[in-house]
Amino acid sequence: MDLLLQSSIRRVLLLRSVAIALQLLAVLIAYYVLDFALALLPLLSIIAVESLFQLLSVVVLRQRIHSRAPVGAATVVWQLLADILFLTLLLMHSGGATNAFVSLLLLPVMIAAVTLPGRLTVLLTVIAIAAYSALVIMMPLHHQGEHGMQMRHHFIAMWINFVLSAVVVATLVSALSRTLAKQQRAIAQSREEQLRAEQLVSLGSAAAQATHQLATPLANLALLHDEARELSADSPTLQPVVDDMAVPLTQCQRQLDLFRARAQQLRDAHERAPHISRYYSSLMRSVKPSR
């Protein structure tokens, strides 16, 4: 399961839970306290359906997490589409494009820009713009007041502003998200290289220590073999035994030389390790936010 998508869906569900509570509170205050002429029954019906959808979404997500079923980008898309739909319906019954909360249609676009690939972000941006356009087109005439032409120009300007805002938000946030993801991948790669360099340093130290510990007893065995070979010159029975000792001693000496060569390679890698560390430090400084 993609952890980023799972975290994004959880945030969407959390935000929707908060939004449902605020929507219900705002509708009740506007109708009963401020005496606004609202379509109370349609608004409460939309909030009820949204609450039911939220409950089903939470249950399905928990089941998928429990069964370790994959959660793809399509799940996030459907959740954001539902948010756009419910918000559009609520705005349609509470003033349409004249509602001060119409800019909340940009929130799903921002979440998509951070979470989803570019083509899906473009899709949700177009849908959000279409929803705002529908609110402008379906707006009742009495909202335009006496100066209908001027108000029509005002709403067209608001529509253009929303379109530009949606495009800028989608483009800028997507670019920043991709840049941040690229920097995180570079940091992870640098950490892996630094860890590999540290492991090489540890292996180099262990190899050098083992080589030193093996060289001394092997040299003593070689001296004992030379003495035994001199003594076996006067004893034909010892000569085959001494000759048999020469073969494993030679093999051990070759393995020790190979071990020394490998240790030298690890030392060379240790000399290159500071370059990796300096690169990692400079990369961390480049991504650290300036105060």
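Modeller: Let me start with a term: a salt bridge is a side-chain nitrogen of Lys or Arg within 4 Å of a carboxyl oxygen of Asp or Glu. This is a predicted model, where local features need pLDDT of at least 70 and side-chain atom pairs count only at pLDDT 80 or more, while totals for chains, interfaces and linings use all residues. Residues are numbered from 1 along each chain as its sequence is written, and side-chain values use heavy atoms, with hydrogens and water left out.

Colleague: Thanks! How many salt bridges does a search of the whole structure find?

Modeller: The search finds 1. R16 pairs with D83, and their closest N and O atoms are 2.7 Å apart. R16 lies in helix α1 (residues 3-33) and D83 in helix α3 (residues 73-92), so the pair ties together parts that are 67 residues apart in sequence.

Colleague: Are R16 and D83 buried or exposed?

Modeller: Both R16 and D83 are buried. Buried means under 20% relative accessible area, exposed over 50%, and partly exposed in between, using a 1.4 Å probe and protein chains only.

Colleague: Stepping back, what does the secondary structure come to?

Modeller: The protein chain has 7 helices and 0 strands. Helices (H or I, at least four residues) and strands (E, at least two) are DSSP runs, numbered from the N terminus. Of the 291 residues in the chain, 30% are buried.

Colleague: Let's talk about α4. How many of its residues are buried?

Modeller: Helix α4 (residues 106-115) is mostly covered, with 7 of its 10 residues buried. Those are L106, P108, V109, I111, A112, A113 and T115.

Colleague: How do α3 and α4 pack?

Modeller: Their axes are 10 Å apart, at an angle of about 170 degrees. Axes are lines fitted to C-alpha atoms, for helices over the stretch in contact, and angles run from 0 to 180 degrees between N-to-C directions. That makes α3 and α4 roughly antiparallel to each other; angles under 35 degrees count as roughly parallel, over 145 as roughly antiparallel, 65 to 115 as roughly perpendicular and the rest as oblique.

Colleague: And what about α4 and α5, at what angle do they cross?

Modeller: Those axes cross at roughly 175 degrees and come within 9 Å. From α4, the contact uses V109, A112 and A113, and from α5 it uses T121, L124, T125 and A128.

Colleague: New topic: which residues touch the most other members of the largest nonpolar core?

Modeller: L80, L105, L116 and Y132 do, in a core of 35 residues. A nonpolar core is a set of buried Ala, Val, Leu, Ile, Met, Phe, Trp, Tyr and Cys residues joined through side-chain atoms within 4.5 Å.

Colleague: Which element gives the most to this core?

Modeller: That is α5, with 8 residues. There is also a second, separate core of 9 residues, including L40, I46, I47 and A82.

Colleague: Finally, what does L116 touch?

Modeller: Not counting residues up to four places away in sequence, L116 touches A73, V76, V77, L80, T121 and L124.

Note on methods: Contact means heavy atoms within 4.5 Å.
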